[in-house]
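Subject: Structure for you to look at

Hi,

Here is the structure I said I would pass on. Have a look at it first, and my notes follow below.

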Amino acid sequence: MGRVVHMFTSRQRVILRQIVSPPYVYRWAGLLTTIGLVVGVTVVVLSDVGAPAVVAAGTSPAVSSGPAGVPARTAEDAPARGIPGQARPAITSSRLSVTSTTTDRPTVALTFDDGPSSYTPEVLDILAENQARATFCMIGEQAVAEPAMVQRVVAAGHRLCDHTFTHDATVGANDPSLISTQLGRSHRSLATVVNPPVDVDYFRAPEGKWSLQLDQVAAQTGMRPLGWSVDTLDWTQPGVAAIVASVQRSVHPGAVILFHDGGGPREQTVAAIREIIPWLHDQGYEFTFPT
Ligand SMILES: [Zn+2]
């Protein structure tokens with residue numbers, strides 16, 4: 001060792017000693033550099049892993065836009081405004097058709113549930129005055145009792161929707177064979193109450209109480225499960241202004257708007273659509289059927 005040391009000059013020996021046993025300041029510098037490198041590499045690795053997740057979130061279909069750049073509503077977006085004791089169940093089916101259009105024009109589908117009733121003629125008059133089409137989700141036993149009313153609806157170019165024979169909100173809990181019997185009866189009653197028989201294009205579960213088997217049987221019976229994207233809550237009789245405002249606040253291209261022309265006093269609904277339908281027309285909306 002001593003001979004090796006003598007191979008270097010005293011200056012070289014000092015440098016060698018500092019390399020083998022560096023002063024504390026260099027040891028700290030080395031440690032901090034190592035920590036810095038480890039942290040830096042970790043940040044780079046984590047940001048690489050995170051990037052695809054951020055991109056995926058940004059392209060989620062949940063933020064898809066409607067034809068006019070207005071965010072399209074999904075079933076999950078449907079208003080969930082609760083009214084104590086009267087809350088409607090959320091739409092749970094993934095197969096519901098809740099948008100009415102795939103065109104680039106702003107369209108809305110007006111739907112009326114729980115008729116026919118004594119209010120249906122007034123609704124038909126207002127639709128005719130505005131050259132608007134609508135879909136009527138009828139209760140079978142009421143349709144059978146008022147065939148002329150159903151005939152008038154069909155003759156005016158509107159479409160029919162099966163809303164069960166007795167507005168049975170528990171139908172979806174039954175087994176498929178019983179549902180098939182029930183929907184067969186209501187579908188047939190609507191289709192054949194008019195002459196000639198008509199297609200019944202849609203099925204809407206009473207109170208929006210859907211089930212997978214209800215969806216499937218409706219489809220097997222040739223009816224498209226029909227939901228909605230704007231709930232006017234008109235059946236709670238919140239006042240004409242509130243019904244009008246609910247549409248003005250929530251309407252969007254492709255909206256399916258839920259009204260009721262039966263099931264209780266519907267003076268408010270009739271008065272509200274007298275304002276809403278011309279307003280929608282002024283906004284550039286066309287009236288079409290759910291697709
Ligand atoms: Zn109903």
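On the helix 4 side the meeting residues are Glu 122, Val 123, Ile 126 and Leu 127, and they face Val 270, Ile 273, Arg 274 and Ile 277 in helix 10. Contact means heavy atoms within 4.5 Å.

Before you go further: this is a predicted model, so local features need pLDDT of at least 70 and side-chain atom pairs count only at pLDDT 80 or more, while totals for chains, interfaces and linings use all residues. Residues are numbered from 1 along each chain as its sequence is written, and side-chain values use heavy atoms, with hydrogens and water left out.

For the overall picture, the protein has 10 helices and eight strands. These are DSSP runs numbered from the N terminus, with helices being H or I of at least four residues and strands E of at least two. Of the 291 residues, 40% count as buried, meaning under 20% relative accessible area; exposed is over 50% and partly exposed is in between (1.4 Å probe, protein chains only). Among contacts between residues at least 6 apart in sequence, 75% join residues at least 24 apart.

Back to helix 4, which spans residues 120–129. Which of its residues are buried? They are Thr 120, Val 123, Leu 124, Ile 126 and Leu 127. Seen down the helix axis, these fall within an arc of 165°, so they line one face of helix 4; the arc is that of the directions from the axis to the C-beta atoms. The face turned away from the buried side carries the exposed residues Ala 128 and Glu 129. The cover over the buried residues includes strand 1, strand 2 (134–138), helix 6 (147–155) and helix 10 (267–282).

Now the metal. A zinc ion is coordinated by Asp 114 (OD), His 163 (NE2) and His 167 (NE2), at 2.1 Å. Donors are N, O and S atoms within 2.8 Å of the metal (3.2 Å for Na, K and Ca), and water is not among the atoms, so sites may look incomplete. Along the chain the donors follow the spacing D-x48-H-x3-H. Asp 114 sits in strand 1 (residues 107–115) and His 163 in the loop between strand 3 (159–162) and helix 7 (176–192), so this pair ties together parts that are 49 residues apart in sequence. Asp 114 is buried at 7% relative accessible area, and His 163 is buried at 2%.

You will find Arg 204 in the loop between strand 4 (200–203) and helix 8 (212–220), buried with a relative accessible area of 0%. Leaving aside residues up to four places away in sequence, Arg 204 touches a list of residues that includes the zinc-site residue His 163, along with Asp 113, Asp 162 and Trp 228. The side chains of Arg 204 and Thr 111 are joined by a polar contact of 3.0 Å. A polar contact is a pair of N or O atoms within 3.5 Å; within protein, one must be able to donate a hydrogen and the other to accept it, and residues adjacent in sequence count only if both atoms are side-chain atoms. Arg 204 and Leu 226 are 22 residues apart in sequence, yet 5.1 Å apart in space, C-alpha to C-alpha.

Last, some backbone details. Most residues other than glycine have a negative phi, and most peptide bonds are trans. Here, a cis peptide bond joins Gly 115 and Pro 116, with omega about -5°, and Pro 116 is in the loop between strand 1 and helix 4. Another cis bond joins Asn 195 and Pro 196, with omega about 0°. As for positive phi values, Glu 207 has one of about 60° and is partly exposed at 32% relative accessibility. Gln 237 has a phi near 50° and is partly exposed at 37%.

Cheers
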